[in-house]
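Subject: Structure handover and notes

Hello,

Please find the structure below. My notes on what was found follow it.

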Number of protein chains: 2
Amino acid sequence: MFAIIMAGGAGTRLWPLSRRGTPKQLLALTGDTSLLQQTVARLGPLLKPHDIYVITSQAHVRVTQAQLPQLPAENILGEPLARSTAVAAGLATVLARRDRDEIAIVLPADHFVADEAALAEGLREAARAAERGYLVTLGIVPTNPATGYGYIKAAAPLHPASRTALVERFVEKPDAQRAAAFLKEGDHYWNSGIFVWRTYAFRQAVERFQPKLSSALARIEELHRTPGWMTEVRDILEPVPAITIDVGIAEPAAAEGRMAVVPLEAGWSDIGSWSALLEALSAASGADLVASGRHLDRDSHRVLVHGGERLVVTVGLEDVIIVDTPDALLVCHRDRAEEIKPVLDEIARTAGDRYL
Amino acid sequence: MFAIIMAGGAGTRLWPLSRRGTPKQLLALTGDTSLLQQTVARLGPLLKPHDIYVITSQAHVRVTQAQLPQLPAENILGEPLARSTAVAAGLATVLARRDRDEIAIVLPADHFVADEAALAEGLREAARAAERGYLVTLGIVPTNPATGYGYIKAAAPLHPASRTALVERFVEKPDAQRAAAFLKEGDHYWNSGIFVWRTYAFRQAVERFQPKLSSALARIEELHRTPGWMTEVRDILEPVPAITIDVGIAEPAAAEGRMAVVPLEAGWSDIGSWSALLEALSAASGADLVASGRHLDRDSHRVLVHGGERLVVTVGLEDVIIVDTPDALLVCHRDRAEEIKPVLDEIARTAGDRYL
């Protein structure tokens, strides 16, 4: 068994902490270590360090190696260009040169999990289903009618004693009404982006559903480490469509009854925004004020303070996110963290790249 | 005619911008110049620079001189100890060594006035009443039932054609219900702390209502500029009760029918807190978002951003005050700016003087 950690994200939604040079997975958002370091640590009960791979953009290979000294340096794989998750998973599978019959865990580098034991148990259960040839995903048992996640609709359990079920279909991010209906109906899970499969089953699925990617991977496999090969890898991947695992592999596999889902209750969050971080850390700690750095508060609620060296004092705030960095400060309503993006576009127009 | 600007305030309520070394009047809160510099500028239509005096703590004499290069250096008077406004006004009157029959304008250094022409006209009208022997104050026509100000109840006008009226009495800061009643009733003004009088009338009132202060001032007058006199001034003032002009002079004078009030409508604010600053600047500009420094906003309302060098981005905020300084950041609900004080006490306990 081995793991591929997908560390290709840009994470502009966590500005001003995340910048081009320091994407989300490299940030310490939920403790003293980065999300990537925590993701690696979470795999500790299941895998040895040399069985853990990280695929990231070539620009971030060095800083990623520096954050993960316990991993062999060659396990940090650099993508010559970003082509979404299906391509990254395929490339990593090839570059890792693992036996075709091994179990691969493919997971994002930048998520949060409060209950790490539950995650490990979920991955073990997923591995058992993967042994039987299924492409398996972890489905997060929803705690609220979230509209920010895609959903997975489960069909019948694989066998009566198991919670693992066949996937009936993947559902795009719903509106509030549909999300509420999913919760009421049951058998709907949030799409975690965590997959477990035999590499053989994965390569078969790629061949069936993404033939262009499949032949690109075959050519890369032949080239492996010949002189100047990375330039060629780039040229080979250039014409391959950028497609996600969800859309390009998992959905068509589900349609053919080859996709299974393991329900997971582990305090998971994708930390897709500052609001999501506040929600995840509040749920984990039971406190509605979440603060890091030097901070003093008087009677604030549903507030996130991500501070650094400076003293931050908050008084009587409700539903506010504060992110303090050396050159930029964000103060944002909790429900409007998604609106950072247009502001960043304006910053780019007016101040150039300096703050990006 | 001459003016005494009272610049003895500490202004902890405007932390983290105001600190021990830089009290409120020295800060640029309402534009590019400090409140003190604006106060001096406002007197421009009425007085020459050598007729403007500032009394401040000895610790702030140099920085005050530096802010006011247009004033003779000796017009910046240092108090050897802080003994509230009646003592400061008395000491400044003696130290300025002006003719006893001149008109003195006594006014705080750290207030805001949007309509400077209206203020000048109010001061001129006050000077006319002062000529006739009254102690005169400017009473701010209230724009809302504020509970943060003392009130002045006016009696009959001095003569039919004038808005200037006798003061019936001074009223301590009321509760919300009484404040609303005052507004409904009319003839109630906010106590501005701005006074105009003949120095002779003032010294007479001090003699009558504050005999200890009166004899202290007489002794200081005799000593004036003899060798080592400042040490003696300190010793002379030490046992004098710390009392405000309002309580120690104006109230008893009003009881004897010697106090007059000139109504003023000039967009005045004492800027007693960040909330008051937001209110004053919003009223002056007509905008409900008031920002300084590098700042970008998306849809925030009733928000004050006092920024510096760093970029501050606000998104979807309501009723929030943000004050960004190099070593400390305050983010505070607009209605709770008064609660900075207990937080400062906690900072003093936990972090010492560093942030004070």
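Two strands count as paired if DSSP finds at least two bridges between them. Strands here (E, at least two residues) and helices (H or I, at least four residues) are DSSP runs, numbered from the N terminus.

Two remarks on conventions come before the findings. The model is predicted, and local features need pLDDT of at least 70, side-chain atom pairs count only at pLDDT 80 or more, while totals for chains, interfaces and linings use all residues. Residues are numbered from 1 along each chain as its sequence is written, and chains are lettered from A and ligands numbered from 1 in the order in which they are written.

Symmetry

Chain A superposes on chain B by a rotation of 180° with 0.1 Å of shift along the axis, at an RMSD of 0.1 Å; copies are superposed by least squares on the C-alpha atoms of residues with pLDDT of at least 70 in both. This is the relation of a two-fold axis. Among the residues of chain A, the one that comes closest to the rotation axis is Val331(A), with its C-alpha at 4.2 Å. Val331(A) also stands opposite Thr314(B), which belongs to strand 15 of chain B.

Chain contact

Residues are in contact if their C-beta atoms, placed from the backbone, lie within 7 Å. The contact takes 28 residues from chain A and 28 residues from chain B. On the chain A side, at least two residues each come from strand 13 (295-298), strand 15 (311-315), strand 16 (318-324), strand 17 (328-333) and helix 11 (340-351). Strand 17 of chain A supplies the largest share, six residues. By class, the chain A side has 18 nonpolar, three polar and seven charged residues. In this count Ala, Val, Leu, Ile, Met, Phe, Trp, Tyr, Cys and Pro are nonpolar, Asp, Glu, Lys and Arg are charged, and the others, Gly among them, are polar. Of the contact residues of chain A, 100% recur in chain B, and the same surface serves both copies.

Sheets

Strand 17 of chain A and strand 15 of chain B run parallel and are joined by five bridges. They belong to an open sheet of six strands with mixed pairing, in the order 12(A)-14(A)-16(A)-17(A)-15(B)-13(B). Its edge strands, each pairing on one side only, are strand 12 (289-292) of chain A and strand 13 (295-298) of chain B. Neighbouring strands of this sheet are turned by 10° against each other on average, direction ignored. Strand 13 of chain B pairs with strand 15 of chain B in the parallel sense over four bridges, and Asp297(B) stands opposite Thr314(B). Helix 11 of chain A lies across strand 17 of chain A and strands 13 and 15 of chain B, at about 145° to strand 13 of chain B. Axes are lines fitted to C-alpha atoms, for helices over the stretch in contact, and angles run from 0 to 180 degrees between N-to-C directions.

A further open sheet, also of six strands with mixed pairing, has the order 13(A)-15(A)-17(B)-16(B)-14(B)-12(B).

Helix pair

In chain A, the axes of helix 6 (residues 199-209) and helix 9 (residues 245-255) come within 10 Å and cross at roughly 95°. Helix 6 and helix 9 of chain A are therefore roughly perpendicular, a term that covers 65 to 115 degrees. Ala205(A), Val206(A) and Phe209(A) of helix 6 make the contact with Gly248(A), Ile249(A), Pro252(A) and Ala253(A) of helix 9.

Regards

Key: Contact = placed C-beta atoms within 7 Å. Parallel < 35°, antiparallel > 145°, perpendicular 65-115°, else oblique.
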